[in-house]
Amino acid sequence: MERISKAPIDILSKALQVDSLAAFKRLQANGINGISIERTATLEVIWTNNETNIMEVFDLITDN
């Protein structure tokens, strides 16, 4: 899980076979801030900056 948390979202989405644009849109639609398509963040940065947890962010990325 540590490797996943430190992976940039664009690389993680490729590994999970998830559309990165759709993942970004889901994150933003759910109030997750501090991300952009041009400058990707890691799961760790996203969850710590948004007072959430890794599983919530992971679920949004994978659309679960």
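Salt bridges, core and helix packing

User: Which residue forms a salt bridge with Glu44, and how far apart are the closest N and O atoms?
Analyst: In this predicted model, Glu44 forms a salt bridge with Lys6, and the closest N and O atoms of the pair are 2.9 Å apart. The two partners come from distant parts of the chain, 38 residues apart, with Glu44 in helix H4 (residues 43-49) and Lys6 in the loop between helix H1 (2-5) and helix H2 (9-15).

User: And how exposed are Glu44 and Lys6?
Analyst: Glu44 has a relative accessible area of 30% and is therefore partly exposed, and Lys6, at 44% relative accessibility, also counts as partly exposed.

User: How many salt bridges does the count come to?
Analyst: The count comes to two salt bridges. Besides the pair of Glu44 and Lys6, the side chains of Arg26 and Asp63 meet in a salt bridge, at 3.9 Å from N to O. This pair, too, links distant parts of the chain, since Arg26 is in helix H3 (residues 20-29) and Asp63 is in the segment after helix H5 (54-62), 37 residues apart.

User: Arg26, buried or exposed? And Asp63?
Analyst: Arg26 is buried, because its relative accessible area of 19% falls under the 20% cut-off, whereas Asp63, at 53% relative accessibility, counts as exposed because that value is over 50%.

User: Switching to the core, which residues touch the most other members?
Analyst: The largest nonpolar core has 17 residues, and those that touch the most other members are Ile9, Leu27, Leu43, Ile46, Val57 and Ile61. The elements giving two or more residues to this core are H2, H3, H4 and H5, and H5 gives the most, with five residues. As general background, nonpolar side chains in soluble globular proteins tend to be buried together.

User: What is Leu43 in contact with, leaving aside its neighbours within four places in sequence?
Analyst: With those neighbours left aside, Leu43 is in contact with Ile4, Ser5, Ala7, Ile9, Leu12, Ile54, Val57, Phe58 and Ile61. Among these contacts, Ile9, Val57 and Ile61 are also listed with Leu43 as residues that touch the most other members of the core.

User: OK, helix packing. At what angle do H3 and H5 pack?
Analyst: H3 and H5 pack at an angle of about 130°, and their axes are 8 Å apart. That angle makes H3 oblique to H5, and H3 passes H5 in a right-handed crossing.

User: Which residues meet there?
Analyst: From H3, Ala23, Arg26 and Leu27 meet Val57, Leu60, Ile61 and Thr62 in H5. Arg26 therefore has a part both in this packing and in the salt bridge with Asp63, and it is buried, with a relative accessible area of 19%.

User: What about Ser13, where does it lie, and is it buried or exposed?
Analyst: Ser13 lies in helix H2 and is buried, with a relative accessible area of 2%. Leaving aside neighbours within four places in sequence, Ser13 is in contact with Val18 and Ser20.

User: Last topic: which residues other than glycine have a positive phi?
Analyst: Gln17 has a phi near 55°, and Glu51 has a positive phi of about 50° although it is not a glycine. Gln17 lies in the loop between H2 and H3, while Glu51 is found in the loop between H4 and H5.

User: Are those two buried or exposed?
Analyst: Gln17 is exposed, with a relative accessible area of 76%, and Glu51 is exposed as well, with a relative accessible area of 79%.

Methods. Residues numbered from 1 in each chain as written. Predicted model: local features only at pLDDT ≥ 70, side-chain atom pairs only at ≥ 80, totals over all residues. Heavy atoms only, no water. Salt bridge = Lys/Arg side-chain N within 4 Å of Asp/Glu carboxyl O. Helix = DSSP H or I, 4+ residues; strand = E, 2+ residues; numbered from the N terminus. Buried < 20%, exposed > 50% of the residue type's maximum accessible area, 1.4 Å probe, protein only. Contact = heavy atoms within 4.5 Å. Core = buried A, V, L, I, M, F, W, Y, C linked by side-chain atoms within 4.5 Å. Axes fitted to C-alpha atoms, helices over the stretch in contact; angles between N-to-C directions. Parallel < 35°, antiparallel > 145°, perpendicular 65-115°, else oblique. Left-handed = near helix turned anticlockwise from the far one by under 90°.
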